[in-house]
Amino acid sequence: MLSEVFAAGNHLFPEETGFLETSGFTPWDPQETPVLFSEQEPVFSISSSDNSTPLPKPSNEVVNVMEERKRRRKISNRESARRSRMRKQKHLEDMRSQLNRLKTENRALMNRLRAVNLHGKLVRHENQQLMSESVMLQQKLRDIRHALHLRQLHNQLLQSAWPCNNNVPMYNTYEQNPPSLIT
């Protein structure tokens, strides 16, 4: 019955159609049909008691508006996805450049470490050489002191052995050309 009312162009509520059938009285002229809804607005049923009646199809304008919203949403989603991909790509590029920078810095530090290790090795070697030279020079110094001490003892013995020759210096070839203690 409701579909017949909509098909005939009479847009009445179901309660009003029952009133018309029982009383036969209409508050308006039968030639004038009251317009409760415009033809461009969709009519949707909200009541839960009348589930048997099909919902009327929305008009082309409403469909166009909905399609436009979907299209805008798709465009917005695509743009958001594009920005997200660009952010991800920029982040990836930043990470790659940081990786390259850190690799370069690591190589420089490794080269510095090798140079410091090599320098330390050279210093240790030079230190060993200097220690050996120091031991050798200390031994020579002991030998020289010992030789000087012996010479002094020798001179003292010569002077005390010949008490009469104390005033006359003795010139011998040994004293004029003493042997070299430093070799």
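Analyst: **Charged side chains**

Lys70 has a relative accessibility of 42% and therefore counts as partly exposed, the class between buried (under 20% relative accessible area) and exposed (over 50%), with a 1.4 Å probe and protein chains only. The model is predicted, so local features need pLDDT of at least 70 and side-chain atom pairs count only at pLDDT 80 or more, while totals for chains, interfaces and linings use all residues. Residues are numbered from 1 along each chain as its sequence is written, and side-chain values use heavy atoms, with hydrogens and water left out.

Lys70 lies in helix H3; helices are DSSP runs of H or I with at least four residues, strands are runs of E with at least two, and numbering starts at the N terminus. Together with Arg69, Arg73, Lys74 and Arg78, Lys70 forms a positive surface patch. Members of a patch have over 30% relative accessible area and no salt bridge; like charges are joined within 9 Å, and nonpolar side chains (Val, Leu, Ile, Met, Phe, Trp, Tyr) within 5 Å. Lys and Arg count as positive, Asp and Glu as negative, and His and the chain ends are not counted. Each charge is placed at NZ of Lys, CZ of Arg, CG of Asp or CD of Glu.

Side chains of opposite charge can pair when their charged atoms come close. A salt bridge here is a side-chain nitrogen of Lys or Arg within 4 Å of a carboxyl oxygen of Asp or Glu, and the count by this rule is five. One of them joins the side chains of Glu68 and Arg71, at 2.5 Å from N to O. Both residues belong to helix H3 (residues 60–161) and are three residues apart, about one turn of the helix. Glu68 is partly exposed at 25% relative accessibility, and Arg71 is also partly exposed, at 43%. Arg72 joins Glu68 and Arg71 in a network of salt bridges.

Asp94 has 37% relative accessibility and counts as partly exposed.

Glu105 pairs with Arg101 in another salt bridge, with 3.9 Å between the closest N and O atoms. Again in helix H3, Glu105 and Arg101 are four residues apart, about one turn. Both fall in the partly exposed class, Glu105 at 41% and Arg101 at 47%.

As for the overall picture, the protein has four helices and zero strands, in the order α-α-α-α along the sequence. Of its 183 residues, 3% are buried. The accessible surface is about 16,800 Å², 57% of it from carbon and sulfur atoms; areas come from the Shrake-Rupley method with a 1.4 Å probe, and for residues only the protein chains shown count as cover. Among contacts (heavy atoms within 4.5 Å) between residues at least 6 apart in sequence, 30% join residues at least 24 apart.
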